[in-house]
Amino acid sequence: LCSSQAKPPPCPLAALKCRTGPLDIVFVIDSSRSVRPFEFETMRRFMIDIIGNLDVGPNATRVGVIQYSSQVQNIFSLKTFFTREDMEKAINSIVPLAQGTMTGLAIQYTMNVAFTVQEGARPPHKKIPRIAIVVTDGRPQDRVTEVATQARDAGIEIYAVGIQRADMTSLRAMASPPLEEHVFLVESFELIRQFGKQFQDKLCGVDMCVERDHGCQHSCVSTPGSFYCECNPGYQLNADRKTCSPIDACADGRHGCEHQCVSARGSYSCRCRAGYYLNQDKRTCTMIDYCSFGNHSCQHECVSIPSGHRCRCHRGFTLQPDGSSCRATDLCNGVDHGCEFKCVTSEGSYHCVCPEGQQLQADGKGCSRCGAGHVDLVMVIDGSKSVRPQNFELVKQFVNRIVDLLEVSPQGTRVGLVQYSSRVRTEFPLNKYHSAEDIKEAVMKVEYMEKGTMTGLALKHMVEHSFSELEGARPLSHNVPRIGLVFTDGRSQDDISEWARRAKESGIVMFAVGVGKAVEEELRAIASEPVEQHFSYSADFTTMTHLVENFKLNICPEEGRGETEIRSPCECEALVQFQTNTVAILQSLTERNILWVLPHSLAQMTARLEALEKQIALKK
């Protein structure tokens, strides 16, 4: 087992034990019927003599024994015994199997079972040599070449010992190279004990690290007939298998450092960039809060940055050149405020205002949309097959344009939507949504129903359900107008007259909108009086935009010229109102720098208005 260029000194059997390092040895013994009982006894003594010269123990050499014939039997494994006495007792208790000669099966068992960590073999990374000693007296009855090759490839060094009738070809197929050191043929069982003494001499190898110039940079580890180099902790063996270099623990990228990894002799530490400190997990970093030191002198806000800190002003203020103080900014001139009438700057902010008599809208920018009154509006749209999908999308856009006219809120205008074809479906009731944006989003998600045109059924549903307090309509005692808008593109397949009449009798103001093949007679039957103001028609879906404007003029009378109160321009109250509005507009234009080229225009016009007011007063 321990070959060397320098011949080692003989190893006395009863004196010093072998100076080899730890070994894992498994004896594979042939106990077929061709081995007679007295011959098997000599094989026992062969194993006992060799074990008697080994330094056995859990941290020294471990020994296992298996016997085979037509089957394989484990006598004891590498983890079973750690004293020679226990091993010798177990060997003397072996009962031969006395059957066939399945040597290949035995080698496979040795590789797959006997030399596993579970059976007591040391893990491969400890580099403990694994040695199998196969002792046989005949020709194998199965194939050994392939399985022996697999065993050798798995790191098992095989010694093949043939006795008397053994087949030399099979022995050579089993053994490890070089064959002259691993194949032995003994002429008879009587000579096997004498051979055992010679075999023991091989186990008494020399310390190759002492006898050779090993060249290891750090440390040398002796093995039977050879040696290998090891490095100190924190170093790794180089490709020359002798010199060592520090392990870069950061190189594999598994360090977990958030910023920087610093390698140090097989270990590593994490380091943060400037302006950060290492957290308790020793991996992540947190920016230093320089503002918490309390010496920043910022007037408004202090913002920590890796290099220190900087000052920041509240919205509507500008940081001054000193980097600390802040001054208010005229946001109306500095931002796109979007005010319809006038923008007013306040400290750090701005807001929009409207002319007298007009209200600021929910968006905080527009003035006096159709919000003078509050209504409950239910739109009933035709989803029949004749509308077609692409036109139904135009209908939804038409609905959303109407929503854009309204001041939607729980206390203001409420909107519900119903779709009908052969049946009726409430898309959302009056109390479902409380903002125009939510309503418009819900409208665009409505799915097209198709099928028939049951307009009468839709009117019945609107009267009985849509304008019920359960679905969000306000009580009649609140005097909130109820408006129903029916949109259709064709003739109804059921009678509409009864429920159109009931709708109007219940106080619902009905609007009828027709497109394409809508029947004028039905539209007029649906519409409230005066009919001309409550029904509209468009020949095509793509040209019905003007219907929105018609609807706007009818539900928002202040938008229509015919509904505006006509007052004498010479009445004092009218004049005062005119003057107030005019002055406000001129002031707004001046603030927008529109009249900056006419510095005297405002003063001159104001003077003329005051003179006109005095003349009217004298006439009264």
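In which sense do strand 25 and strand 26 pair, and over how many bridges? Notes on this predicted model follow.

1. **The opening pair.** Strand 25 (residues 508-515) and strand 26 pair in the parallel sense, over four bridges. Two strands count as paired if DSSP finds at least two bridges between them. Strands (E, at least two residues) and helices (H or I, at least four) are DSSP runs, numbered from the N terminus.

2. Six strands form an open sheet in the order 23-22-21-24-25-26, with mixed pairing. Strand 23 (424-428) and strand 26 (535-538) stand at the edges; each has a single partner strand, so one side of each lacks a neighbour in the sheet. From one strand to the next, the twist averages 20 degrees. In general, strands of a sheet pair through backbone hydrogen bonds, either parallel or antiparallel.

3. **Two packed helices.** Helix 12 (residues 455-466) packs against helix 13 (residues 497-505) at an angle of about 25 degrees, with the axes 8 Å apart. Axes are lines fitted to C-alpha atoms, for helices over the stretch in contact, and angles run from 0 to 180 degrees between N-to-C directions. That makes the two helices roughly parallel. Angles under 35 degrees count as roughly parallel, over 145 as roughly antiparallel, 65 to 115 as roughly perpendicular and the rest as oblique.

4. **Their contact.** Residues of helix 12, including Leu-459 and Val-463, meet Trp-499, Ala-500 and Ala-503 in helix 13. Contact means heavy atoms within 4.5 Å. The contact residues divide into six nonpolar, one polar and two charged. Here Ala, Val, Leu, Ile, Met, Phe, Trp, Tyr, Cys and Pro count as nonpolar, Asp, Glu, Lys and Arg as charged, and the others, Gly among them, as polar.

5. **An aromatic pair.** The ring centres of Phe-398 and Phe-487 lie 5.5 Å apart with planes at 45 degrees, so the pair is tilted. Rings of Phe, Tyr and Trp (its six-membered ring) pair if their centres lie within 6.5 Å; planes under 30 degrees apart are stacked, over 60 edge-to-face, the rest tilted. Phe-398 sits in helix 10 (residues 389-404) and Phe-487 in strand 24 (residues 482-488), 89 residues apart.

6. **Arg-414.** This residue lies in strand 22 (residues 414-420).

7. **Ground rules.** Residues are numbered from 1 along each chain as its sequence is written, and side-chain values use heavy atoms, leaving out hydrogens and water. Local features need pLDDT of at least 70, side-chain atom pairs count only at pLDDT 80 or more, and totals for chains, interfaces and linings use all residues.
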